[in-house]
Amino acid sequence: MELGIKGRQALVCAASKGLGRACALALAQEGATVTIVARGREALEATAAAIRAETGVQVQAVAADITTPEGRSVALAACPQPDILVNNAGGPPPGDFRDWSRDDWLKALDANMLTPIELIKATLDGMIQRKFGRIVNITSGAVKAPIDVLGLSNGARSGLTGFVAGLARKTVKHNVTINNLLPGFFDTDRIQSVVGGAAKAKGVSYETALAERVAAIPAGRIGDPAEFGIACAWLCSSQAGFITGQNWLLDGGAFPGTF
Ligand code: NAD
């Protein structure tokens, strides 16, 4: 299936590694012109070069912290009129809510709620004028089934989810959709360090700690970021204009509910 996004401009945040990178690659494979943003220039340039080599499309690399106003300005200066916006940033650290200060909360809200809202604000009206827009927010399975130690993530991402639920119904008549992708457990650097941390804390091997996690996933494995990227590209396709305000869980069946 052709996704009908050849030549579309895509701004993909936090995309030098992991899920963001997979989304950028899948969009580029469909012929979208991609601008990728991440803080560290070295990994970012390497990713841009790899996507260019694999797809032959134009890839811009913008080294910036997307959670700051300055970082967002630089990203938007490089890609002022995206047709596709993939919102993503690093997740907040785990912990106990008793230890979190107001500043910890503000950091989590900035990264995982207010940054996507600011980027939507900066790009949405142009999409509406051009009668095409696809916005995908990478959130977390924690929005649907909270993870106790990730209270900062549970809270901040739920705030974004509530906001998007209202806005997404107002934009769809202009062929601008807003949806959230909720990763379960995907094989990225972040997850490798989470599993590595758990292994160390329990005094077991990495393989044992990983097997414990996998035991809770009906698919019997963790997700491949490429699967996530393809789901994102499809949500950004010209064919997906009737889908908005949805929270699409990609978790190998780990969430046990009927809906
Ligand atoms: P990752 O660590 O593999 O990659 C994160 C990417 O984001 C890197 O390219 C990094 O440079 C970039 N980044 C981080 N903070 C940034 C910032 N402030 N500005 C610009 N770029 C920044 O992480 P991942 O596993 O791909 O996770 C992506 C998001 O999805 C995170 O918010 C994470 O919490 C969430 N998530 C991931 C999983 C999973 O299974 N991988 C599960 C649930 C939620």
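User: Is Cys232 buried or exposed?

Analyst: Please note first that this is a predicted model. Cys232 counts as buried, since its relative accessibility is 0%.

User: Which cysteine sulfur is closest to the one in Cys232, and how far away is it?

Analyst: The closest is the sulfur of Cys23, at 3.6 Å. A disulfide requires the two sulfur atoms to be within 2.5 Å, so this pair is too far apart for a bond.

User: What about Cys13, then: buried or exposed, and what is its closest cysteine?

Analyst: Cys13 is buried, with 0% relative accessibility. Its closest cysteine sulfur belongs to Cys79, and the separation of 9.4 Å is too far for a bond.

User: How many disulfides are there in the whole structure?

Analyst: A search of the whole structure gives zero disulfides.

User: Let us step back to the overall fold. How many helices and strands does the chain have?

Analyst: The protein chain has eight helices and seven strands. Its radius of gyration is 18 Å, close to the 18 Å from the globule rule for 259 residues, so the chain is as compact as a globular protein of that length. Along the principal axes, the C-alpha atoms fill a box of roughly 55 × 40 × 40 Å.

User: What share of the residues is buried, and what does the surface consist of?

Analyst: Of the 259 residues, 47% are buried. The chain exposes about 12300 Å², and carbon and sulfur atoms supply 56% of that area.

User: Now helix α3. Which of its residues are buried?

Analyst: Helix α3 covers residues 69-78, and Gly71, Arg72, Ala75 and Leu76 are buried there. Viewed down the helix axis, the buried residues fall within an arc of 125°, so they line one face of α3.

User: Why would residues spaced like that point the same way?

Analyst: An α-helix has 3.6 residues a turn, so residues three or four places apart point the same way.

User: What does the buried face pack against, and which residues are exposed on the other side?

Analyst: The buried residues of α3 pack against strands β1 (9-12), β2 (33-38) and β3 (59-63), as well as helix α4 (102-130). Pro69, Glu70 and Ala77 are exposed on the other side of α3.

User: Changing topic: where is Asn87, and is it buried or exposed?

Analyst: Asn87 is in strand β4, residues 84-87. It counts as buried, with 2% relative accessibility.

User: Which side chain does Asn87 make a polar contact with?

Analyst: The partner is Asn137, whose side chain is joined to that of Asn87 by a polar contact of 2.9 Å. Leaving aside residues up to four places away in sequence, Asn87 also touches several others, including Cys13, Pro116, Leu119 and Ile120.

User: What can you tell me about Glu30?

Analyst: Glu30 sits in the loop between α1 (18-29) and β2. It is partly exposed, at 23% relative accessible area. A polar atom of the Glu30 side chain lies 3.2 Å from the backbone nitrogen of Leu3. Residues touched by Glu30, not counting those up to four places away in sequence, are Met1, Glu2, Leu3, Ile5 and Lys6. Between Glu30 and Arg8, 22 residues apart in sequence, the C-alpha distance is 9.5 Å.

User: Backbone geometry next. What is the phi of Ala14?

Analyst: Phi of Ala14 is near 50°, a positive value in a residue other than glycine. Most residues other than glycine have a negative phi. Ala14 is placed in the loop between β1 and α1, and is partly exposed at 22% relative accessible area.

User: And what is the phi of Lys131, and where is that residue?

Analyst: Phi of Lys131 is near 65°, again positive in a residue other than glycine. Lys131 is in the loop between α4 and β5 (133-138).

User: Last one: where is Gly184, and which residues does it touch?

Analyst: Gly184 is in the loop between β6 (176-183) and α6 (189-202), and is partly exposed with a relative accessible area of 35%. Apart from residues up to four places away in sequence, Gly184 touches Leu250 and Asp251. The C-alpha atoms of Gly184 and Ala254 are separated by 7.4 Å, although the two residues are 70 apart along the chain.

Terms used: Residues are numbered from 1 along each chain as its sequence is written. This is a predicted model: local features need pLDDT of at least 70, side-chain atom pairs count only at pLDDT 80 or more; totals for chains, interfaces and linings use all residues. Side-chain values use heavy atoms; hydrogens and water are left out. Buried means under 20% relative accessible area, exposed over 50%, partly exposed in between (1.4 Å probe, protein chains only). Helices (H or I, at least four residues) and strands (E, at least two) are DSSP runs, numbered from the N terminus. The arc is that of the directions from the helix axis to the C-beta atoms. Contact means heavy atoms within 4.5 Å. A polar contact is a pair of N or O atoms within 3.5 Å; within protein, one must be able to donate a hydrogen and the other to accept it, and residues adjacent in sequence count only if both atoms are side-chain atoms. The radius of gyration is taken over C-alpha atoms; the globule rule is 2.2 Å times the number of residues to the power 0.38. Accessible areas come from the Shrake-Rupley method with a 1.4 Å probe; for residues, only the protein chains shown count as cover.
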